[in-house]
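Hello,

Here is the structure I promised to pass on. My notes follow below it.

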Amino acid sequence: MTTSGTDTTTDGTPPITTAGAETPTISCRGVWKVFGPHPERVVGSSDAELPRAELEARTGCVAAVRDVSFDVDAGRVFVVMGLSGSGKSTLVRCLSRLIEPTAGDVLIDGEDTAHCSAQWLRDLRRDRVSMVFQHFGLLPHRRVLDNVAFGLEVQGKSKAERHARAGDMLDLVGLSGLGDSYPDELSGGMQQRVGLARALANDPEILLFDEPFSALDPLIRRDMQDEVARLQRELKKTVVFITHDLQEALKLGDEIAIMRDGRFVQVGTPEGVVAHPVDDYVRDFVRDVPREHVLTAGGIMRAPVDNEETAGTVTETTLVSDLLPIVVASDHPIAVLDGDGRVCGSVDRLIVLRALAEDD
Amino acid sequence: MTSPRSLLVRLAVPTAVIAAFAVLLAGVWGNPIATWWNFRIGPWIDSVEEWIILHRGNHWLFRWGFEPIARWLHNLVQWDLNALHFITWPGLITLVVVVAARVSGIRAALTAGVAVFVIGGLGVWEPAMVTVALMLVSVAIVLALGLPLGILSARRPAFERRTRVVLDAMQVMPAFCYLLPCVLLFDIGYPPAVVATVIFALPAAIRLTSHGLRGVPDRLMEVGTAHGATPRQSLLKIQLPVARPALLLGINQTINLALGIVVIAALVGAEGLGQEVLAGLQHLDVGQAFDAGLAIVAVAIVLDRLTAGRPLRAARKFRRDRTPERARIELLAGVGAVVIAIIVGKLWSSGAFPTSIDFSLHDPVNRLVAWCRDNLRNGVPIIGGTGSISDFTVIHLLDPIRDFLTQRTWWEVICGVTALAWITAGRRVAAACAIALLVVTGLHADGSAGGSIWVDTMDTLSQVLVAVVISMVIALPIGIWAGISERFYAAIRPLLDAMQVMPAFVYLVPVIGLFSVGRVPGIIASVVYALPPGIRLTALGIREVPPETIEAARSSGATKFQILTKVQLPLALRSIMLGLNQTILMVLSVVVIAGLVGGGALGVDVVYGLTKSELGLGVEAGIAIVALAVVLDRMTQAWAAGVRGVAGSTRLRTPPRVIRVGKTKLLDQLETA
Ligand SMILES: Nc1ncnc2c1ncn2[C@@H]1O[C@H](COP(=O)(O)OP(=O)(O)OP(=O)(O)O)[C@@H](O)[C@H]1O
Ligand SMILES: [Mg+2]
C-alpha cells in the first residue's frame, strides 16, 4: 500500500511509489480515456478541464477517464466508487485493455501493457487477470460447468482437466451439483457466483470486479460480499473492485478511490475517507455511513497529555462503536495504545461526540 | 412551426420546381412522349437473345463460363433426383422421420413423415421429387454462400455498408425479374431455376445471418475478450452459439423463400410441382392445381420440420439425457431403419409410389368448383355472390382508378406523384420517384394486350393500389385487436405463420375456384398473400408500447378507447407504416402471379415474355415493376421513418415473408418457431 493512512487528494499528482518498495501489481500512470472524434486532442488540453456537457458541445467528445493514477500492491483490495457515468467501468476496462486508453500507462507487475502484441495481451487475460461483470456475462448456451470452464477452454486445456477444475471452483463458491444447470435456471445471486467461479478458475493473480453485485437484492448482496471477503482472505488475490455502494466499499476495501466525472477526487483508507471527506461530493457519499462502524480510536484520538488520569485503555483499531459504552461509563479520558502497547493518545466523551457529529 | 406563412414557404419551393419540371416534361418530351426518349431495352434484349442463341455453341463466354455452370447445376439436380429415386419412397419417409426426430423431436418427425406420405397419396410424387431436388441444390448453394457472407458482413461494417445497396435491390425486385436474364444466360430447365432461387434467397440468408450475429450483445462478446479468446474463438464459442436460434430461424426462412421461387420456376421450364399448378391454372383444372398446391404445402411442412429444431427446454433435456452410448445406438438404429426401408422399397413395386394409395382431391375439388360456379357466382342473398362482388370491384374501384391514371397525360402523373412524394417524404424521395417513372416512359415495347408499357404500368398500379387498400382495411382492425387481446393474438399467430410459409402460387387455387379469372381474383390472391405482414406489424406495434406508458395513461383516467387512440395507435404508427410498406412489396411481388389468372397488364407481359420467348417485352415489363416498387417503397419507407414510434428502430430490409423489424420481433418469431 503506497498511499498513507489518511487522505490523499489527487489533482494529477499520483501517490508516488515509495522508493525501495517492491513493484505494485497494478500501476496506473496518468490514464485518460476520451470517447469521440480525435480523442487525443482533448488529452491535456484546456478543454479537458471543461464540464462534461460543454466538452461534448465543443469537441463532440466525452472524457470518461481523466488523468487517473494509482497503485495497487499484491494482495490488496482497491475499491473505486462513484456515481453512475463517472467512468468506473471504463477505468477498470483500461486495466486489461478491454478498452484502449487514450493516454497514460498501465503497468501490470511492472510490465507496460502498451505496445504489446495481441498475443501478449491475450496471455495476460488468460493467465493473470480475470473479470467479474455487472451483468454476470454468462453464456446462455452453456451449462454452468462449461461457463466456469470457459477461460480454461480458451486456453486449450483438455476437457477432463477443465471440468475437474471447474467442479472445484463450483464447490468453492458453494454451487456444488449445479454444474448441469443452465444460467437462466439460476437465481441472480447464484448466477454471479458462477461468474465468480469462472473468474477464479484460471487462478489469476488479479481480479477485476465491475459492480458485480449491483443487480442483486440487498440480502443476497450481503451474502456475496461476505463470500468475496472470505475468498479474499483465503486466496489473497489483488483486487480492483468497482461499486457505487459505500457500505460495500468500506466492507471490502483496503483503499478507496472516489471518482467523479472521470477523476479521482479522493483516495484513502475507508476511515480516512469517512472521517475527512475532501469536498461536498465525497461528503454526500459518506453522509449516511454509520460512522461509529468505520472510525477507530486511533483515527479520532488527541495527542496524549502528560500525567493525565485515564480510566482505561483501548487499542488504536478499536471501533468507535465499541468505544462508545466505555467512554459513556467513565468520567475520565481513555488511553489509546498502539500496536506495541504504548500509549499514543487518548479519547474522551467530547472527542467521540465530535467525531460522530462529523464535519471537520 | 406550422403557421400558415411558413407552410406557404414550405410549399412554395416544391410548387415552383414541380411546375418548372412539368413545363420541361410537357415542352421537351411532348405528348405523346417524344420518340427519341426511348431506351430501346426491349429491342436490345431481343438482339442479345438472338446473339446468344447464335453463339451459345461456340463463344468462349458460354463454352467456358455459363455452360459449365449450367451443366454442373443440371448434374447436381439430376444427381439428387437419382438419389431420391434410389432410396425409394419408403426409404425417403424413413429418412425424413429419422432426421426430423434427431433435429426436431418425435412429434415433428411424425408430422413430417405423414406429410411425405400425403405427397405420394396426392399422386404427385414424381414432380414433388423434382421440386425437392431443386430445393436441395438451391438451398445448399444459398447457405454455402450466405452464411460466410453473413459472418463477414457482421464482422466488417465496411463490407456491410458496401453490399447494402445491392442486397436492397435484390430484395425489392420481384423474383420474376431474375428469371428473365437467367433464362438468357442459362437456357431453360433446372439451371436458371436454381440460379434465380439463389439470387432471391441469398440476401435474406446474408441479412438474417448478419442480423443474428449482431444481435449477440456486446457484453457477451466482451466476456470472450476478457478471457483472452482469439477472434476465432470468440466467433466459434460465443457469437455463433449464442446466435444459433436466430441463425436456425434464418435458415428456416431462407428455405421458405427458396421454395416460393422454385415453384415459380415452372415458368422457365423447370418441371416440378409448380408446373402442375401452372398447368392446372392454364386449363382451369382447379382440381389438378389443388393437389399440387397441397403437395407444395406438404413439402414446406417437411422442410420446416427438418430444420425447425427443438424448443429450448426440450433441446436442453435432449442434450442432458444424451450419453455417448445412447447417441451411438440411435445412430445405428436410424441408419438401420433407413437401409431396411430402402430394401423393402426396392422389393415392393420397384420403388414407385403405389397408385393404389390415392387420396387425390382432384374430382371432389372440381365438383365443388362447379357447384360454386353455379351457386355462388350470383344470387346469394345480400352480398349477391362472388360474381357480383367481382363486378362491383371492377366497376366501382378498378376501372375508375385505372381510367383516371391512364387518361392523365404521362407528365401529369409524374408531376403528381413527384409532388406527393415531395410533400410527404422529402426532396430525395421525390427525385427518386421522378427518375423511376421517367424510366418507365422510356420503355416502348408493345404490351401483350397491345397497349404501351406506360399504360400497362398504370393498369398494374391501379390494381396494386386497390389490393393494398383492401389489405390494410382488413389488416388494421385485425392487427389492432390482436395487439390488444393476448388471447386473440395467440389464436391467430399459428394461422399467420402458416400463411407466411405458403408459396403465393397456392393462394390462386381457391380464388380461381370462387372467382374464375380476371383482375379481381388476382387482387384477392394478392390481398390474402399480403395480409400477414400488415396484421403482424400492426399487432407488434401496439404490443410494443411500454406497459408503463399505458399505465400512466390509465392512471390519469383515460378510457380504453382513449388509450388506444391517444397512446397505442400513435406509438404504433411507425410499425403500421412498415406494415404498409411490406404489404406493398408483397403485392408487387405477386403481380406476375396475378397476371397468370387474368390480372393482365405488366404481370401478363412478363409471363408472355417468358413463355413466348419475347424476352424484350418481359424485361421491359420487369423494369416497370421494379420502377413501381422503387416509387412505392421509397415513399412508404420515408413515411415510416418520419413517424416517431416504438417500433422499427432497425431498418432490416427483408423480402416478402421475412418480416423482422428488430430483435423483439425475432424473439417473437423464436417463440413460435
Ligand atoms: N463506447 C463509448 N462511447 C462513448 N461514450 C462512452 C462509451 N462508453 C462509455 N461512455 C461514456 O463514458 C462515461 C463513463 O461511462 P462508464 O460506463 O465508465 O460509467 P460508470 O461509472 O461505469 O457508470 P455506471 O455506474 O452507470 O456503470 C459515460 O458518460 C458514458 O456515456
Ligand atoms: Mg459501469
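Predicted model: local features only at pLDDT ≥ 70, side-chain atom pairs only at ≥ 80, totals over all residues.

Residues are numbered from 1 along each chain as written, chains are lettered from A and ligands numbered from 1 in written order, and side-chain values use heavy atoms, without hydrogens or water.

More on chain A. Its C-alpha atoms fill a box of roughly 70 × 55 × 40 Å along the principal axes. Of its 360 residues, 53% are buried (under 20% relative accessible area, 1.4 Å probe, protein chains only).

Now the interface. Chain B puts 21 residues in contact with 24 of chain A (heavy atoms within 4.5 Å). About 2,100 Å² is buried between them, 58% of it from carbon and sulfur atoms (accessible area lost on being put together, 1.4 Å probe, summed over both parts). B:His227, B:Lys237 and B:Arg316 supply 31% of what chain B buries against chain A, more than any other three residues.

Five salt bridges link the two chains (a side-chain nitrogen of Lys or Arg within 4 Å of a carboxyl oxygen of Asp or Glu). One joins B:Lys237 to A:Glu153, at 2.8 Å from N to O.

Best wishes

Conventions. Buried area = accessible area lost by both parts, 1.4 Å probe. Buried < 20%, exposed > 50% of the residue type's maximum accessible area, 1.4 Å probe, protein only.
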